[in-house]
Amino acid sequence: MSGVATRPERAAARRGAAATGPGRLLGRLVGTAFGRAVLACLALAGWALWTGGVLDGPVARQVRGSTVYAAPGVDLDRAAAERVVGNRRLVVLIMEPGADLREACDDTERATQGTLVLAMSRDGEDWDTYGCSRLGGDGPRDLGRAMVVETTIGRGADAFVDRPVEALKVIVLNYDRLVRAGLVPDGARTISPSLPRYLLAGGAVAGVVAGAAVLWFGGRRAGRLADARRAGRDARADERAALGAATAVLAQQIIDLDGRVGPVAPAYRRLAADYVGLLDDVSGVDGDAESLRRLRERVEELSGRAADLADDTASGRRADRPGGGRPDRTGAGKPGGPATGRPDKAAAGKPGRAAAGAAGKGRTRGRGRR
């Protein structure tokens with residue numbers, strides 16, 4: 001049946017769909033330099049988001065830039081608590097009663113690297129505390145120090161269950177004793193952006209500098225090209241104006257010659273034919289300055305030929321016989337009478353004038369037609 005596709009046709013249709021599917025388009029994109037650059041930027045952006053805590057919970061996001069976290073419902077002057085802790089390598093998490101302190105401490109692992117974390121929550125008349133040290137490595141000595149630090153940091157805070165800020169002051173005193181004992185490294189907590197953020201910032205600065213440089217050099221190049229185009233347009237306009245003026249002068253010369261030698265002279269006809277061909281070339285010129293210059297040279301050449309023809313006609317020579325002269329039919333006869341090449345009939349009929357006729361005939365033979 002014509003309406004049912006055969007198996008080879010369905011296979012060809014599937015192959016065509018696969019050839020034009022998203023995988024094919026992605027392969028073409030990755031195969032280009034632009035596509036690879038886009039993928040690299042996407043990977044860098046994902047890395048920056050991941051290290052920046054895009055997947056962190058509310059506790060981790062808070063302590064990335066702060067030393068104290070207070071859960072909703074906990075009565076704590078957080079500004080005063082942060083002043084008490086200062087810039088020590090200490091992070092205190094005050095959670096709601098009954099919270100899983102170990103889970104809260106684990107949630108802040110990437111956000112509190114290089115610090116001592118103490119999670120605490122009220123448990124009746126005492127504080128329930130859980131410490132996690134992220135100051136050292138995983139060696140046996142580091143593990144022993146971490147155990148001592150974690151069990152010591154919260155001592156004495158139970159006396160101030162109703163006053164969390166005072167409890168923080170006790171915790172800070174314990175931290176300072178641990179620093180003096182050499183169990184906790186001295187120094188302030190430094191909060192620095194992750195490496196991808198540095199890369200993104202550097203890339204942004206490099207992009208701005210590179211873009212500014214490209215715009216500056218591009219502007220200079222565009223200015224030079226615009227100036228060259230303007231100079232070319234001016235040159236073409238000058239050539240067109242000169243060509244138009246020369247063509248008008250040549251046309252006037254040809255008109256003047258037409259009234260003086262007539263259109264039958266061969267040299268004039270050749271000049272007029274060349275002028276017609278020149279007009280065809282002028283109408284079909286593409287505007288190139290060099291072409292316009294060559295056409296103007298042709299116009300000047302034709303104008304010179306027209307001037308030569310005008311000089312020939314002015315000197316009494318025919319345009320098609322340069323150097324020849326029109327014969328002078330007037331001669332020197334006897335005074336008072338015409339001097340022609342024919343004998344005077346009146347003189348031939350009268351004996352008294354025979355001598356004069358013979359003399360006139362001799363003079364005509366000397367200066368008349370040959």
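Reader: Is R88 buried, exposed or partly exposed?
Author: R88 counts as partly exposed, because its relative accessibility is 25%. Buried means under 20% relative accessible area, exposed means over 50%, and partly exposed is in between (1.4 Å probe, protein chains only).

Reader: Before we go on, what kind of model is this, and how are the residues numbered?
Author: This is a predicted model, in which local features need pLDDT of at least 70 and side-chain atom pairs count only at pLDDT 80 or more, while totals for chains, interfaces and linings use all residues. Residues are numbered from 1 along each chain as its sequence is written, and side-chain values use heavy atoms, with hydrogens and water left out.

Reader: Back to R88. Which side chain does it meet in a salt bridge?
Author: The side chain of D176, at 3.0 Å from N to O. A salt bridge here is a side-chain nitrogen of Lys or Arg within 4 Å of a carboxyl oxygen of Asp or Glu.

Reader: Where do the two partners, R88 and D176, lie?
Author: R88 is in the loop between α5 (78–85) and β2 (90–95), and D176 is in helix α8 (residues 164–180), so the pair ties together parts that are 88 residues apart in sequence. Helices (H or I, at least four residues) and strands (E, at least two) are DSSP runs, numbered from the N terminus.

Reader: How many salt bridges does the count come to?
Author: Eight, by that rule. One of them joins the side chains of K169 and E166, at 3.5 Å from N to O.

Reader: How far apart are K169 and E166 in helix α8?
Author: They are three residues apart in helix α8, so about one helical turn separates them. K169 is partly exposed, because its relative accessible area is 39%. E166 also counts as partly exposed, at 27%.

Reader: What about D234, which residue does it form a salt bridge with?
Author: With R230, and the closest N and O atoms are 3.3 Å apart. D234 and R230 are four residues apart in helix α9 (residues 195–260), which means about one helical turn between them. Salt bridges that share partners also bring in D227, joining D227, R230 and D234 into one network.

Reader: New topic. Which residues make up the patch of positive charge?
Author: R229, R233, R236 and R240 gather in that patch on the surface. R229 is in helix α9 and counts as exposed, because its relative accessible area is 52%.

Reader: And which residues gather in the negative one?
Author: D100, E103, D106, D107 and E109 do, also on the surface. D107 lies in helix α6 (residues 101–107) and is partly exposed, at 47% relative accessibility.

Reader: What does a patch need, and what counts as a charge?
Author: Patches are made of residues with over 30% relative accessible area and no salt bridge; like charges are joined within 9 Å, and nonpolar side chains (Val, Leu, Ile, Met, Phe, Trp, Tyr) within 5 Å. Lys and Arg count as positive and Asp and Glu as negative, while His and the chain ends are not counted. The place of a charge is NZ of Lys, CZ of Arg, CG of Asp or CD of Glu.

Reader: Which residues form the nonpolar patch?
Author: W47, L49, W50, V54, L55, L195, Y198 and L199, with about 860 Å² of accessible area together. Such areas come from the Shrake-Rupley method with a 1.4 Å probe, and for residues only the protein chains shown count as cover. Both α3 (33–51) and α9 supply at least two residues of the patch. Y198 is in helix α9 and is partly exposed, at 48%.

Reader: Is T152 buried or exposed?
Author: Buried, because its relative accessibility is 15%. T152 lies in helix α7 (residues 140–152). Not counting residues up to four places away in sequence, T152 touches N174 and L178, where contact means heavy atoms within 4.5 Å.

Reader: Where is E125?
Author: In the loop between β3 (116–123) and β4 (126–133). E125 counts as exposed, at 61% relative accessibility. Leaving aside neighbours within four places in sequence, E125 is in contact with D158 and V161.
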